[in-house]
Amino acid sequence: MTIQSIPSFKLLDGTTIPWIAWGNGTGLDNKDVADYGQLALESGIRHIDTAQLYKTEKQTGEAISRSSINREDVYVTSKLSARGDDEVPVPINEVPQAVQESIDRLGFVPDLFLIHNPFVAKPGELKAMWKALEDLKDKGKLKSIGVSNFRPQDFEEILDGAKYKPVINQLEYHPYLLTHLQPVLDLQARHGILTASYGTLSPLLRHPTGGPLKPVLERIAKRISEERTVEKIDAKVVLLLWTRAQGVVVVTASGNRERIIRLSEIATYPDLLTQEEIDEITRIGKTIHFRHYREHMEKEFPLPDLPSQ
């Protein structure tokens with residue numbers, strides 16, 4: 001099987017990250033994570049996203065070792081997570097050991113390591129936690145470092161005097177969040193920090209009606225399908241390609257074999273949307289506010305005065 005090249009984005013530390021990742025955190029229904037990870041890799045995916053919270057780091061390493069793909073050809077993201085179901089913050093002096101435990105479970109140093117959310121640190125200790133990751137990077141125990149679910153105030157806390165800026169902020173991202181996220185996105189743009197998205201398909205999978213975006217995505221999908229008669233493009237593919245057009249990494253989880261194989265096909269797609277279509281999706285998205293994962297980004301970060309439908 002010949003795997004076409006998957007487009008990548010360049011991070012501010014000079015490394016590159018494949019634009020689409022198979023995530024093994026949700027949607028797997030206790031299935032064999034290593035088996036599905038191996039399938040993703042053999043199908044053509046070259047980026048796996050895991051975290052301490054998911055309890056799938058060991059299976060991530062197993063998926064790579066079971067596959068025919070060399071470790072250096074797979075990009076792996078993991079995350080420092082709060083502890084237990086109660087999400088107990090990690091003490092600063094325990095960060096090095098927590099990171100080493102991730103490395104031991106994976107069997108290697110991940111390509112990208114994130115602070116899973118600002119509440120992984122105790123109040124007032126976020127800057128010190130970032131400094132701990134910087135020190136580990138200096139010692140060669142981490143490669144690229146970044147954050148997840150960070151609000152503007154979280155960035156302001158860690159960027160003051162930082163030796164390294166986060167290369168990425170992974171958060172729920174889709175057109176219905178553009179208005180709320182604008183302060184975050186503006187700050188990231190000023191500092192060269194990329195966005196990675198989870199919950200990318202929430203407007204189609206989790207919004208009660210799909211809102212005003214759904215018919216637009218379906219119309220664009222119909223247009224592309226008529227031009228590419230060998231395959232059918234649906235609204236989900238359009239939304240994924242819109243996200244790539246924003247320069248945003250997509251993390252999507254699935255425990256369905258057919259969907260994983262389909263994801264690998266989408267990973268190599270060329271740019272199929274027109275600029276007018278990209279702009280239309282953006283414009284309509286900004287008229288709605290809808291978030292599925294509300295536990296982090298809605299704390300002390302004002303919501304826009306917009307309808308949800």
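I began with E300, which is exposed at a relative accessible area of 70%. My cut-offs: buried is under 20% relative accessible area, exposed is over 50%, and partly exposed is in between (1.4 Å probe, protein chains only). This is a predicted model, where local features need pLDDT of at least 70 and side-chain atom pairs count only at pLDDT 80 or more, while totals for chains, interfaces and linings use all residues. Residues are numbered from 1 along each chain as its sequence is written, and side-chain values use heavy atoms, with hydrogens and water left out.

**Positive phi**

E300 sits in the segment after α11 (275-285). I noted helices as DSSP runs of H or I with at least four residues and strands as runs of E with at least two, numbered from the N terminus. The phi of E300 is positive, about 50°, although E300 is not a glycine. Most residues other than glycine have a negative phi. I then looked up K55, another non-glycine with a positive phi, near 60°. K55 is in the loop between β4 (47-49) and α2 (57-66), and K55 is exposed at 65%.

Where do R105 and E57 sit in the chain? I first checked that their side chains meet in a salt bridge, 2.7 Å from N to O. The pair links distant parts of the chain, with R105 in helix α3 and E57 in helix α2, 48 residues apart. My criterion for a salt bridge is a side-chain nitrogen of Lys or Arg within 4 Å of a carboxyl oxygen of Asp or Glu. R105 is partly exposed at 36%, whereas E57 is buried at 1%.

Next I looked up R83 and E94, whose side chains form a salt bridge at 2.5 Å, N to O. Both R83 and E94 lie in the loop between β5 and α3, so this pair ties together parts 11 residues apart in sequence. R83 is partly exposed at 35%, and E94 is partly exposed at 30%.

I also logged the salt bridge between E298 and R291, with the closest N and O atoms 3.7 Å apart. E298 and R291 are both buried. R228, E231, R262 and E265 are linked in a network of salt bridges. My search of the whole structure gave 20 salt bridges.

**A record to check**

The unreviewed UniProt entry has a "binding site" annotation covering H116; such annotations may be inferred rather than shown by experiment. Is H116 buried or exposed? At 9% relative accessibility, H116 counts as buried. I found H116 in the loop between β6 (112-115) and α4 (126-138).
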